Amino acid sequence: MTDNPTKTTPLDALHRELGAKMVPFAGYSMPVQYPAGVLTEHLHCRQHAALFDVSHMGQASIHGPGAAAALERLVPGDMQGLAPWRQKYTLLTLESGGIMDDLMVANLGAHAKNGDRLFLVVNASRKHIDLPHIAAHLPPGLHLEHDDDRALLALQGPAAASVMATLAPELAALPFMGVASITLAGAACLASRSGYTGEDGFEISIPAAQAEAVARLLLAQPGVMPAGLGARDSLRLEAGLCLYGNDIDETTNPVEAALMWTIPKRRRAEANFIGAAPILAALAAGPARKRVGILPEGRAPARGHTPILDDAGTAVGEITSGGFGPSLNAPCAMGYVRTDLAIPGTPASPRRPALSLLVRGKPLPARVTATPFVPHRYVR
Amino acid sequence: MTTLRYTKEHEWVRLEGGIAVVGITEHAQDALGDVVFVELPEPGRQVDDGEAIAVVESVKAASDVYAPLAGRITESNQAIIDDPALVNRDSAGEGWFFKMALADEAAFHALLDEAAYTALLETL
């Protein structure tokens, strides 16, 4: 049996031309950084605008009448209430109450002939599980198309809107989580005002054949710098955003993951999505552990799988994502902590539970904190 | 007589008046990326050749730094604790990690010379 060859995105040649350091990720060869480096790319994103190639992610469309209602069997979010040209963050849930993936769902409006059209963006590492699962659960009359002939770019940062102002003026009025069809470099694109950094910005879906032209056009705009997966990870960590496989996975339910805000009252009452019973039971009983932000008191980063200890040295949790936050100029992390200790505090607060992180065999003091570590700057 | 040698773990060692100054090479700092944290050994500590005694962390990952020779740590570089990016900016100079008194100076001369280290880099 031969190994599956590593896949490339439509921008592979461009990344190499720009001098990117390429690494394997979810079966793809992806840029982890460009010559500027992770720190510079991260800081540039928060100060101006950075362009990320996220074409490895899964893009798919559900066509047909009643698409939103059908999808509600698989996700606990309000899909039927998702207005045309709006997008929502939601979860694919498992019978166990665990999480199969997190994803964005956009409503691209109804067609007289084809019924509803929903556009989904799922994680690269999970698309081979998500898409067959969704397809298997669609009733007759509904079809799932894997849009694997499309690239996905993310332009993120406070200057993103002004960059797009000359190229696609209609985006200026797009609200956060709004979606629009635009033309860039002659290509018919789909843009949403959203991202994975906590900054203002756009995610742009482009036909693969035209992706390089669009990327070059965006990189030619003043103040736009290419950024890789290294910066993407440090940005989302500072923003307190979950990474599937680290902070959420098949063993975490939305209650302990602090993602119940994605499940509105109507859906909880109807309890008609996969995994509804165990999720609602966990909500009623209260979870044994909770996902929280964790700030080491010193300068040493604490990475994934670092044990979290109480003041007696007993393990009470584990870091799921951790590293150094360039904008914070300090280490930061997320992890699960026993619920009674998952209380954000301040150094001055006497009720703060004393926690430590076991790094290289030594307990380093840390505290629970609310996320994000760096405030979100979504344009609402 | 040259006073600069290298290890297979991408450290440089410079002998200065009986004391060995140790840092990581240009290749190592470039491979690591932006350094954000270093942990250095305490002065006075006795270390063995090949013992992991320091840590250098980039945004993405942590790496061990090893004692290139047996000896006693005499000094650690506070400058790179205060400004970890100095390791990237000047890995061969101001970005040094620690200094040590050697148990056996002959062992220093047995480390890789410039040509041997350059040849090693070409195999990577």
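In helix 4 (residues 127-137) of chain A, the buried residues are K127(A), D130(A) and I134(A). Because they cover an arc of only 70 degrees around the axis, they sit on the same side of helix 4 of chain A; the arc is that of the directions from the helix axis to the C-beta atoms. A residue is called buried if 20 or more other C-beta atoms lie within 10 Å of its own, exposed if 12 or fewer, and partly exposed in between, with C-beta atoms placed from the backbone. Helices (H or I, at least four residues) and strands (E, at least two) are DSSP runs, numbered from the N terminus. The structure is a predicted model, in which local features need pLDDT of at least 70, side-chain atom pairs count only at pLDDT 80 or more, and totals for chains, interfaces and linings use all residues. Residues are numbered from 1 along each chain as its sequence is written, while chains are lettered from A and ligands numbered from 1 in the order in which they are written.

What does the other face of helix 4 of chain A, turned away from its buried side, carry? The exposed residues there are P132(A) and A136(A). On the buried side, the residues pack against strand 5 (58-64), strand 6 (87-93), strand 7 (99-111), strand 8 (115-122) and strand 9 (143-146) of chain A. Packing is judged by contact, which two residues make if their C-beta atoms, placed from the backbone, lie within 7 Å.

Strand 13 of chain A deserves a look of its own. F202(A) lies in this strand and is buried, with 27 other C-beta atoms within 10 Å. Not counting residues up to four places away in sequence, F202(A) touches L155(A), A160(A), M164(A), L171(A), A191(A), S192(A) and R193(A). F202(A) and A191(A) are 11 residues apart in sequence and 6.2 Å apart in space, C-alpha to C-alpha. I206(A) is also found in strand 13 of chain A, and this residue is buried, with 25 other C-beta atoms within 10 Å. Leaving aside neighbours within four places in sequence, I206(A) is in contact with R150(A), A151(A), L153(A), A187(A), C189(A), A211(A) and V214(A).

How do helix 2 and helix 7 of chain A pack? Their angle is about 55 degrees, with the axes 8 Å apart; axes are lines fitted to C-alpha atoms, for helices over the stretch in contact, and angles run from 0 to 180 degrees between N-to-C directions. That makes helix 2 of chain A oblique to helix 7 of chain A, since angles under 35 degrees count as roughly parallel, over 145 as roughly antiparallel, 65 to 115 as roughly perpendicular and the rest as oblique. Helix 2 of chain A contributes V38(A), E41(A), H42(A) and C45(A) to the contact, and helix 7 of chain A contributes G230(A), A231(A), S234(A) and L235(A).

The contact between the chains takes 13 residues from chain A and nine residues from chain B. Helix 2 (38-47), helix 7 (229-238) and strand 17 (315-325) of chain A each supply at least two residues of the side of chain A that touches chain B. By class, this side of chain A has six nonpolar, five polar and two charged residues. Ala, Val, Leu, Ile, Met, Phe, Trp, Tyr, Cys and Pro count as nonpolar, Asp, Glu, Lys and Arg as charged, and the others, Gly among them, as polar.

H305(A) has a positive phi of about 80 degrees although it is not a glycine, and H305(A) is found in the loop between strand 15 (289-296) and strand 16 (307-309) of chain A. With 11 C-beta neighbours inside 10 Å, H305(A) counts as exposed. A cis peptide bond joins T371(A) and P372(A), with omega about 5 degrees.
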